[in-house]
Amino acid sequence: MVDAEAMTARRIDARARFLPVGDSAFAVEFGDRIDPGINALVHRTAALLTEARPEGLVETVPSFRSLLVHYDPLSTSAQALQRFIGGLELEDEAGQAPPRIWRIPVLYGGEAGPDLTEVAAATGLSEAEVIALHAGTLYRVYVQGFLPGFAYLGDLPEVLDLPRRTSPRVRVPPGSVAIAQRMSGIYPVESPGGWHLIGQTPLRFFDPAQSPPTLFAPGDGVRFVPVDARAHAAIAEAVARGRYESELEGGSA
Amino acid sequence: MTARLHILQPGPQTTVQDLGRHGFQAYGVPVCGALDGTALRLANALVGNEAGQAGLEIRLAGPAFEVVGGPARLALAGAQARIEVTLGDETRRYGAWRAIDVPEGAQVRVGALAGSGCAVLAFAGGVDTPPVLCSRSTDLKGRFGGHEGRALASGDRLLLGKGKAQGPCLELPSPPRVAGEVTLRAVPGPQADAFTDEAVAAFFATPYRISREADRMGMRLEGPPLAFRHGADIVSDGIATGAIQVPGSGLPILLLADHQTIGGYAKIATVISADLPLAGGLMPGGLVHFRAVTVAEGEEARRAREADIARLVASLVPVREGARIDEAALYQANLISGVVTALESS
C-alpha cells in the first residue's frame with residue numbers, strides 16, 4: 001500500500017505540470033523557485049528522456065525549475081508525449097553530492113574585476129572578505145543558457161546578494177567572473193551584460209569544435225580559486241597554446 | 001572543379017543558413033537557421049538539392065557576386081527580387097521562384113526584396129562552409145558556423161558543394177505571395193496567466209506594428225502595453241522560437257531563430273510552427289495580428305503546411321522560356337496586388 005503510494009508520488013505527472021509552448025514544444029514545470037532539489041528533478045527528467053528516446057522527441061532544454069521539451073508535431077503530439085513523460089518515475093536526488101568539482105582560477109579585482117570595489121561598498125564588506133566569500137563557496141551548475149556555455153552557478157552567499165547593475169555594460173569580456181542576486185556566472189563569450197564583474201578567469205568554457213561544446217555539465221560542482229596576476233598570465237598562455245588541463249578537485253580532468 | 005562565389009557586395013545582412021542547429025540548446029547554443037524555412041526548402045527543391053542544404057539568407061536586399069571556377073545553378077525563394085546575370089556585355093534579368101543557370105565568370109546581382117523581408121538563395125550542391133555542431137547555420141552572436149560566424153562581406157569567397165545541376169531548370173508555376181497585413185496564429189502560454197485577462201484579450205484583438213528594432217533574434221512590437229498580474233519577471237525558463245515575451249515595458253517581443261535559449265520574462269503566447277516562416281519575413285512598419293489557437297489546432301496547421309509544401313514541390317516544372325513575359329513587369333504587378341496565397345489560404 002505504502003509502496004504503491006510512493007510509486008504514484010514518484011510519477012512525473014504527480015510532481016510537475018505541463019505548460020503549452022506552441023505546437024512543437026511544451027514545458028514540464030516542477031516548481032516556481034530556484035532550488036537544488038527541484039533543479040535535480042529537471043535534469044533527471046532530461047536524462048530519462050535522453051535514454052528513452054520517445055518517438056518524435058527533438059531535444060530538451062533544462063532550466064532552473066522546468067524542462068522545455070521540443071517535439072516534431074509530424075511524428076507525435078503534445079498529448080501523446082505528455083502521457084509518456086507523465087508516466088515516468090523520478091527518484092529523489094536532492095542533497096546528492098555533485099559528481100565532480102571544477103577548480104576555476106580567478107584573478108580578482110582591479111582591471112580584471114572592475115566592480116569588486118562597488119560590490120564591497122554595497123555589501124559593507126572589505127574586498128578581501130568579498131573574495132573570501134565568493135571563493136569559499138561550493139557552487140552547483142543549475143543551468144547552461146542564455147549564452148552558449150554560460151553557466152548559472154548557485155547559490156551565492158546571501159550577504160553578496162545584489163540586484164543587477166542599473167545600466168548593463170554593452171561589452172563584457174569573455175572570462176569575466178560575475179555575480180548578481182544569488183548567482184555567480186562566467187561570461188564564455190563577449191556579450192552585453194548586467195552582472196557585477198569581480199574577476200577574470202583565463203579558462204575557456206565553450207568550444208563549438210568539441211562535443212559536448214561546454215566544459216561544465218548540469219549538476220557539476222564549481223569552486224573558484226584566487227590566483228595572482230602572474231599565475232593568471234601563465235595559465236592564460238597555457239590555455240592559448242592548448243596546454244592547460246582544467247582541474248578537478250582530487251585530480252586533473 | 002567546384003564553383004566558388006566571390007562576393008562583390010554583401011547586401012544588408014546575408015548569412016549562410018540551413019534548417020538550424022538542433023540538439024545543443026541545453027548547452028546554451030541557439031538553433032539559428034533560415035528565418036523562412038519554407039523558402040529554404042523550396043529554393044533547394046528548385047535547384048535539385050535536399051531540403052536542408054545550406055543556402056544564403058538575404059534580408060531586405062541581395063548580394064552581388066561573381067561565379068568562378070565553374071558554372072552554378074541557383075534559385076531565389078521567399079520573396080520577389082530582380083536577379084541580373086551579366087556575362088561580358090550581356091545582362092539577362094530573371095525573377096525569383098525559378099532555377100537559373102549561371103555560366104562561369106558571370107556576375108549575379110540580386111536586387112531589393114519585395115513581399116517579404118527575407119529570402120533564400122540556394123545553389124545546386126549547397127553552400128559548402130564547414131559544419132559546426134552538425135549545422136552550417138551562422139550563429140551571429142556566438143560568432144561561429146556559416147562563413148566565419150558572421151554575415152558576408154565584400155571580398156569573401158564561398159565554396160559551393162559538388163552536387164551537379166541536372167536536367168532542365170525548374171520553376172514554381174504559382175509562387176506563394178505575402179499579404180501586407182499578416183495574421184500569425186499563436187497558442188496562449190506558457191505564462192499567459194502572468195497577464196491580466198484584459199491584457200490577454202487585447203493581445204489577440206489589437207494589431208501590433210513591427211518596430212525598427214527587428215533582427216534575427218527577435219522583433220519588438222509596438223501597440224497597447226500589456227498589464228501583468230504581478231510583474232514581468234519569472235524564474236528563467238526555456239524559450240521556443242515564436243515565443244512572445246513581454247518585458248516590464250509591457251510591449252511584446254516576437255522571438256525568432258537566433259533567440260537566446262532561456263530567459264526571465266513572461267511569455268504570453270507562442271506562434272505556431274506553420275506560421276514561423278511568415279513571421280520571419282515581417283518588416284519594420286508592417287502590421288501583425290495574433291489569433292489564438294489550441295495546441296491541437298497548431299499541430300493540425302503544421303501538418304496542413306507540410307502538405308502544402310509537398311504539393312508545391314510536386315508542382316515544379318521546367319522553365320517555359322518561350323511563354324515568359326517580362327518578369328520585371330510581373331514582379332511590379334505582384335507588388336501592387338499582394339494577395340493572399342496558396343500557402344496563406346491553407
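**Interfaces within and between chains A and B**

One salt bridge, defined as a side-chain nitrogen of Lys or Arg within 4 Å of a carboxyl oxygen of Asp or Glu, is counted between chain B and chain A. The side chains of Arg143(B) and Glu190(A) form this type of link, with an N to O distance of 3.8 Å. The model is predicted, so that local features need pLDDT of at least 70 and side-chain atom pairs count only at pLDDT 80 or more, whereas totals for chains, interfaces and linings use all residues. Residues are numbered from 1 along each chain as its sequence is written, chains are lettered from A and ligands numbered from 1 in the order in which they are written, and side-chain values use heavy atoms, with hydrogens and water left out.

Contact between the chains (heavy atoms within 4.5 Å) involves 40 residues of chain B and 42 residues of chain A. The two chains bury about 3200 Å² between them, 62% of it on carbon and sulfur atoms; buried area is the accessible area (1.4 Å probe) that two parts lose on being put together, summed over both. On the chain B side, Tyr27(B), Val235(B) and Ile262(B) lose the most area to chain A, together accounting for 20% of what that side buries.

Eleven residue pairs, both at pLDDT 80 or more, are in polar contact across the interface of chain B and chain A. A polar contact is a pair of N or O atoms within 3.5 Å; within protein, one must be able to donate a hydrogen and the other to accept it, and residues adjacent in sequence count only if both atoms are side-chain atoms. Strand S13 (182–188), strand S16 (233–238) and helix H4 (295–314) of chain B are the elements giving two or more residues to the side that touches chain A, and H4(B) gives the most, with six residues. Helices (H or I, at least four residues) and strands (E, at least two) are DSSP runs, numbered from the N terminus. By class, that side of chain B has 20 nonpolar, twelve polar and eight charged residues, where Ala, Val, Leu, Ile, Met, Phe, Trp, Tyr, Cys and Pro count as nonpolar, Asp, Glu, Lys and Arg as charged, and the others, Gly among them, as polar.

Within chain B, the assignment gives domain 1 (4–172 + 317–337) and domain 2 (182–299), with bounds taken from an automatic or database domain assignment. Their C-alpha centres lie 29 Å apart, and the contact takes 22 residues from domain 1 and 16 residues from domain 2. The area buried between these domains of chain B is about 1400 Å², with 54% given by carbon and sulfur atoms. In domain 1 of chain B, Leu35(B), Arg59(B) and Lys141(B) lose the most area to domain 2, together 35% of what that side buries. One salt bridge is counted between the two domains. Arg216(B) forms a salt bridge with Glu57(B), with the closest N and O atoms 2.7 Å apart.

Chain A is divided into domain 1 (2–86) and domain 2 (101–252), whose C-alpha centres are separated by 30 Å. Nine residues of domain 1 of chain A contact seven residues of domain 2, and the buried area is about 660 Å², of which carbon and sulfur atoms give 69%. The count between these domains is zero salt bridges and three residue pairs in polar contact, both at pLDDT 80 or more. Helix H3 (residues 36–52) of chain A gives the most to the side of domain 1 that touches domain 2, with four residues.
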